Amino acid sequence: MLKSCSNIDVRGGTIDHGHGYNNVRPDHGSLCLTYSFSRHPKNPSLLRRQLQRFTTPTARNIRMQRKLITKIFKSKRTAHQESAMATNGVLGTMIFEPILEEGIFRFDCSANDRAAAFPSLSFVDSKVRGIPITSYQVPAFMPTFECALGQQIVHLELPTGTSFYGTGEVSGQLERTGKRVFTWNTDAWGYGPGTTSLYQSHPWVLAVLPSGESLGILVDTSRRCEIDLRKESIVKFTAPSSYPVITFGPFASPQNVITSLSRAIGTVFMPPKWSLGYHQCRWSYDSDERVAEVARNFRKKDIPCDVIWMDIDYMDGFRCFTFDKDRFSNSRKLVKQLHENGFKAIWMLDPGIKHEKGYFVYDSGSEHDVWIQTPDGRPFIGEVWPGPCVFPDFTQSKVRLWWANLVKDFISNGVDGIWNDMNEPAVFKSLTKTMPETNIHKGDSELGGVQNHLHYHNVYGMLMARSTYEGMRLADYNKRPFVLTRAGFIGSQRYAATWTGDNLSTWEHLHMSISMVIQLGLSGQPISGPDIGGFAGNATPKLFGRWMGIGAMFPFCRGHTETGTSDHEPWSFGKECEEVCRLALKRRYRLLPHFYTLFYLAHTMGAPVASPIFFADPKDPKLRTLENSFLLGPLLVYASSLPDQSAGNLNPVLPKGIWMPFCFDDAHPDLPLLYLQGGSIIPVGPAHNHVGEANPSDVLTLIVALDEAGKAQGVLYEDGGDGYDYINGEYLLSQYVAELHSSLVTICVSKKEGSWKRPRRQLHVKILLGGGAVVDALGIDGEVMQVQMPLEHEAKELVSSSEKKNRERLESCKSLPNVDAVSSHRGIELSRTPVELKSGDWTIKVVPWIGGRIISMEHIPSGTQWLHSRIDINGYEEYSGREYRSAGCSEDYAVVERTLEDASEEESLCLEGDIGGGLFLRREISIPRDNSKFLQIDSSIVARKVGAGSGGYSRLVCLRVHPTFSLLHPTETFISFTSIDGSKHEVWPGSEELALEGDSLPNGEWVLRDRCLGLGLVNRFCTGEVFKCVIHWGTGTVNLELWSKERPVSKASPIILSHLYEVQSYPGH
């Protein structure tokens, strides 16, 4: 049975909390009660008054609070629950009404559902979602719905050839057809391209129709939502009943859809200009001396940088709002030194507050009753970095104010910005990686009132970021806050920037980072970027330098890495890499006037900062899947994310029209190519080492690309770089135009806004001719300039000379070294690139160089990634002994055979790894052509060089198959099997490690079943080969191990384990 709400597994049954059914049903062989609580009690104002009485946690008040919460949960069903029940089993076309502005429609299943919907947590103003407007338009596309088992399923069918984007923070491909996403904020360290839930939730799809017109679809619910795009041109949403669907458009272009969405959910905060510079971070710079050393090196090496970050180790025992007395003894002195050298300082704050009497934050929070509670009214305690922690309930305005005041005081230490991490919220030693869904939030009525964590989980990070942002405003109204948040919801851009979480130092993650930044921009969050160089693992010089070249063009630009890795500063990878990083960052700083202008347009109009290349021509289908390029307004960035492809051998696919290449005399094989669209002008400035060096009187450079008609235009926004005087008109917005008449190009300011006086400065105009050639002219900004263009033959000579100069520069540059090359062996051509097997129902990726590890096991029809993995740990491993991580899981394997499906009856891969003592672990992975729903793995330990002195027998070995599978829905996933003795079993998360031998061994099959997905991963094996099966539950994972008997091996008697995987449907839950 699909449950519509959160639950507690109590072995004997499940207690559901939420808008569900009142019933008694069997579950796990016994009775289970499911009961509802009221979102709107009979007398909400009375209940609010009662709640306000209990702010002091005396024993009597705590008891009364528990009774009150129970009363709320047991009160009469509201219109919301009754509506959900009334529509159960009903299907039809949704009703609609126009809202907000022309072209925006709200859809509901019924009038009752419309009236009963929860407040919007994505809209700037929740009330406007329910106010119809007068409009004579009708929707171009009508969604249909079905309500079943407490779930509302919405379908929207669009024209064939429609392309899908958005869905927020997601990994994998740019164009989302064939993908499925679950909006459930998750601590997803080391995620891969098939991971279905990351740190943020954006229940939003941008659909680009074949005509180029575009439609946006927002499912306005904070609860867990499945976005299913696996069927071509069909959007399917599934979430607990009931919720409205908001459509935007179709409008003439995808950009129009994004700006319309932004007017509903809010535009990005206006960032301080320094935050657009480069940020340097690691987990952790462990002392103030180390921070100062890193800062000095940036200035000494002439590498631009504006911000140094302090990760969690600056704290005293990981207690938020404290400083380690030994390693960060004087934060004000450190920040003063940083400020004097042009740096800002950003410090981390997590939501987990150490459960410790005498710690001022805990004592204050307890006094003000700010903690999230368990169903019995006690503060929830979960393990995070400090140990046992309590968590602020940011759904209450009084709690947000309490936190904001802590932030206000914290800022007085010289804090320039704040980093909110772990705010999904992440909880250690928890199967779900977060707190129980049954925890209670006493939310404000405008947010939804008292609800369980299931309702507020996805907005917790956004509300924390909001509280932090508001605290920074309280601290200094003359400075713009800068907050970075890991977790978020659609609308988070109003308060914070974001980054793409704990990525890996791999080429795959470099490539994915482009699409991830674009998708966030297409979902209303324009300020984002990855950890440049990758968070987990060690980058190589080529990977780091290439990533810096691309990352320097992202809206948010920060290098970061985890503890235990090598240094990842720009100078840490040798002189060649240092030079590439220097060039890349100086390029960014030259472009800061353009970046700042783009952010002003994003803040005021909702325009994206980084957008996909197809925005230049939405009708062109060949542009819709390009993943190595993006637009910054009219500036096109074209990069290589492949290790063996440099800028010099790229074959760019460009939109139609004029696209002029240019650079800053900084062309390099490992830097992206830059193009300016014909008809455009962009502003650039000097390459300062930090934003504070800039001066309004600096030379302003305009780069001009004329269109076919000889015209171009562009804008430049300027203000004080911080503060809010711009709201009162203290800014300068200049529109520049250029026009060719005969052989003269006239450049002037055609329009200006704002009360700022134009600085007296030199204007440098660079008119692009093609091939990197330019015509330069100097003048005074604000005055009319005329530039003489060369004759046709002169222009050709300039272009030819420029192209030659560019080639010579590229040839003379020292390319980044490939220090990750390995010694020669069979299969070396596959050794550093994951080997992919793709056939039938499966896509498999294997890394031969570390244990022959399978890192991806994606079932194509369901779009499900079953493995939890990173390059060097987890995934599918095999050991040669009973002890954990014995020989076999980390050795360098050789690819000894590769068979492609079109040349054989199966797609297969055979690997071998030397595990010592004359033994080899051999594994053959295959997908049979005649039954491609199966993934077959045949493993063995074979003897090759066992000495005669041992009688031809090896040491004692045990072949141990150790796959780590992801639990996409931990509370809805279990293992089922029938034992050899005929008994049937279900093993649920939270159980102790279970070892099965003899008659208790599964009778050749066990199944990992996910009731939310209605799918099961079936693992079949030969009981004659398997001696023991082991089930081990981890945090969001499970290991399903197969063990052979432990025995010696000879050439004639290898140990063999053959097994296969298949995905089956299990409907009816």
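Biologist: Which residues lie nearest the centre of the largest cavity?

Modeller: Rolling a probe the size of a water molecule over the atoms shows where empty space is left. In this structure 15 residues line the largest cavity, and F118, D220, T221, S222 and H455 lie nearest its centre. A cavity is a set of points, on a 1 Å grid over the protein atoms alone, where a 1.4 Å probe fits but cannot get out; lining residues have an atom within 4 Å of a point. This is a predicted model: local features need pLDDT of at least 70, side-chain atom pairs count only at pLDDT 80 or more, and totals for chains, interfaces and linings use all residues. Residues are numbered from 1 along each chain as its sequence is written, and side-chain values use heavy atoms, with hydrogens and water left out.

Biologist: What volume does the largest cavity have, and what classes of residue line it?

Modeller: Its volume is about 110 Å³. A volume is the space filled by probe spheres set on the points, which are joined across faces, edges and corners. The lining has six nonpolar, six polar and three charged residues. Ala, Val, Leu, Ile, Met, Phe, Trp, Tyr, Cys and Pro count as nonpolar, Asp, Glu, Lys and Arg as charged, and the others, Gly among them, as polar.

Biologist: How many salt bridges does the structure hold?

Modeller: Side chains of opposite charge can pair when their charged atoms come close. The structure holds 54 salt bridges. The cut-off is a side-chain nitrogen of Lys or Arg within 4 Å of a carboxyl oxygen of Asp or Glu. One of them joins K805 and D665, at 4.0 Å from N to O. K805 lies in α16 and D665 in the loop between β36 and β37, so the pair ties together parts that are 140 residues apart in sequence.

Biologist: Are K805 and D665 buried or exposed?

Modeller: Both are exposed. That means over 50% relative accessible area; buried means under 20%, and partly exposed lies in between (1.4 Å probe, protein chains only). Now take D444 and R400, whose side chains meet at 3.3 Å, N to O. D444 is in the loop between β25 and β26 and R400 in helix α9, so this pair links parts 44 residues apart in sequence. D444 and R400 are both buried. A network of salt bridges links D187, D421, E424, R486 and D502.

Biologist: How many residues of strand β61 are buried?

Modeller: Seven of the nine residues of β61 (1002-1010) are buried, so the strand is largely enclosed by the rest of the structure. Two strands pair if DSSP finds at least two bridges between them. β61 pairs with β58 (973-979) in the antiparallel sense over six bridges, with T973 opposite D1010. Six bridges also join β61 to β62 (1015-1021), again antiparallel. There V1007 stands opposite V1018. β61 and β62 form a hairpin with four residues between them, and G1014 in the turn has a positive phi of about 70°.

Methods:
1 Å grid on protein atoms, 1.4 Å probe; cavity = no way out; pocket = protein on both sides within 12 Å on 5 of 7 lines; lining within 4 Å. Helix = DSSP H or I, 4+ residues; strand = E, 2+ residues; numbered from the N terminus.
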